Structures are given as C-alpha cells and as structure tokens.
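Here is a short briefing for a reader meeting this structure for the first time. Please look over the sequence and the model, then read on.

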Amino acid sequence: MWFTTSWDDGHPLDLRLAELLARHGMGATFYCPLRNLEGRPVMAATQLRGLDAAFEIGGHTLDHAYASRMPGHQWAAQVRDGKSALEDILGHEVAGFCYPGGKHDPLSRAIVVESGFRYARTTENLRLCLGHDAWALPTTVQLFDHRRITLLGNLLKGGNWSRRMGPAAIMVSAGSLQHRLAALLDEAQRVGGVLHLWGHSWELDAFGLWDLADSVLRQVAERVPPERRLRNCDLPRLLAAA
C-alpha cells in the first residue's frame, strides 16, 4: 500500500502539525491560501517558506474562495493570483491545487488546468485508489469524527459506490474513530491501495484530536515503509503508471 496525507487552509497550527509529521517520518502536502475570507488566520510568508523547506505546499486560491460562489472570471483570478502569490513567496513552481470546500465542476477544473497546476485534490472521501483524473484526485478519510449520517451522505452524493462501499462500511461501523481508522489501514494494506488522510490543523486543535493524529501516524510509520509515504505531488506519477 501507499500512504499520503494533506492538510488544508494554511492555518498557523500547520507548523505544529509539521513537527508531528516530521517526528513520524511523513511526507505531506499543505494547501495554503494567502488570506481566508472565513476569518481564520493564515501563515505569514516567513512561515510558509519554513514549511516549504520540508513539505510540499499547494494552492488553495488567493482567499480560500469557493468555485460555486462566484462567476468563472472571478474564480480564474482567485486560482491564478493564489498560484502566483505563493510562487513569489516560495521562489519556485507550485504544482498542486486543492478545491476549497471540494467544490468543483468541469469549468472550474478547466481553469485550474489552464492556470498551470499539474494536479488537483478534491474532498471526495472513502476511496483507496487514485481515480482516473489527476485534476480530481480523491481522498480516503478526513481526520475528523463525522457523524455516520454525514459519511453516508458523502457516499450517496459522490458516486463510485462499488469502489467506496468497503471503506464506507468501516467508517460507519461501531467503535471509536481510532478503532475505525486502524481498520481502514488494515483494509488499505489488504487491497494494496492508496490511503489518503486529510484534514485541518485548526480542527485537530478545536476538537482535541492531536493525540489521535499522533497515534494514527505512529501506526502508519510502523506499517508503511518510508519509500511508500508520499506527498500529493507524487500521486500523478502513480496514476500515470497504473
């Protein structure tokens, strides 16, 4: 199996998360806007450069803007200006993008492609594979204790039910979130799949999930060799080889 992890919104608590990831030998991708219209703080330029020294940083629009809430020309400006601002800060190309709120459609996807990103991540959950589209990469699970009705709603809206039923059955089963995540890791190893864990550092803090994150990453480190712990930018290569 392969393991990858990604974290959205560019919150300053990403720096605490980066220390945890480094302690367990994990590569990771952080998707960072330059501002956040929802009012949450974002990392300063010096913090972004420090994080970039050890992890991948991807685009998340300029202002954490949702494609579904604006016309195409405004979305294009958000995507392109966010990319160029990050590249100015970091001094190199930014290859990856994550759709804020997971909101995307063929037009918003096309704008991401035309803006020069080489891949994009969605918030589609409950997948242990890479799908078929490098600009609509799915995930497996968010590190957050969603209600089972929320997970079932995600399953019904997202389609691809034959590929998602196994992970969905695990995540709606009885037991603690830690128990279900361990079972999901077992399933990923059984099928030789890609386990993509994602989330928000501010959520880990707000809901007291730091110890759980530490435990999950420790289990991954024990069972997944370093060469199979990936950043999101490594996923298109796997997809092309599939």
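**Overview**

The protein holds 10 helices and 8 strands. The model is predicted.

**Overall shape and surface**

- A compact globule of 242 residues would have a radius of gyration near 18 Å, and the 17 Å of the protein agrees with that.
- Along the principal axes, the C-alpha atoms fill a box of roughly 45 × 35 × 35 Å.
- Of the 242 residues, 56% are buried.
- Take the contacts with a separation of 6 or more: 70% of them join residues 24 or more positions apart.
- The accessible surface is about 10400 Å². Carbon and sulfur atoms account for 53% of that surface.
- The protein has 26 positive and 26 negative charges.

**Helix α6**

- Helix α6 spans residues 161-171. Its buried residues are Arg-164, Pro-167, Ala-168, Ile-170 and Met-171.
- An α-helix has 3.6 residues a turn, so residues three or four places apart point the same way.
- What do the buried residues of α6 pack against? Their partners are β6 (141-142), α5 (148-158) and α7 (177-191).

**His-73 in helix α3**

- His-73 belongs to helix α3, which runs over residues 72-90.
- Is His-73 buried or exposed? His-73 has a relative accessible area of 60%, and exposed means over 50%, so His-73 is exposed.
- Arg-49 is 24 residues from His-73 along the chain. The C-alpha atoms of His-73 and Arg-49 are separated by 29 Å.

**Two loop residues with positive phi**

- Most residues other than glycine have a negative phi.
- Asp-9 is not a glycine, yet its phi is positive, near 95°. Asp-9 lies in the loop between β1 (2-8) and α1 (14-23).
- Asp-9 has a relative accessible area of 4%; buried means under 20%, so Asp-9 is buried.
- Thr-61 is not a glycine either, and has a positive phi of about 70°. The loop between β3 (56-59) and α3 holds Thr-61.
- Thr-61 is buried too, because its relative accessible area is 1%.

How values were computed
Residues are numbered from 1 along each chain as its sequence is written. This is a predicted model: local features need pLDDT of at least 70, side-chain atom pairs count only at pLDDT 80 or more; totals for chains, interfaces and linings use all residues. Side-chain values use heavy atoms; hydrogens and water are left out. Helices (H or I, at least four residues) and strands (E, at least two) are DSSP runs, numbered from the N terminus. The radius of gyration is taken over C-alpha atoms; the globule rule is 2.2 Å times the number of residues to the power 0.38. Buried means under 20% relative accessible area, exposed over 50%, partly exposed in between (1.4 Å probe, protein chains only). Contact means heavy atoms within 4.5 Å. Accessible areas come from the Shrake-Rupley method with a 1.4 Å probe; for residues, only the protein chains shown count as cover. Lys and Arg count as positive and Asp and Glu as negative; His and the chain ends are not counted. The place of a charge is taken as NZ of Lys, CZ of Arg, CG of Asp or CD of Glu.
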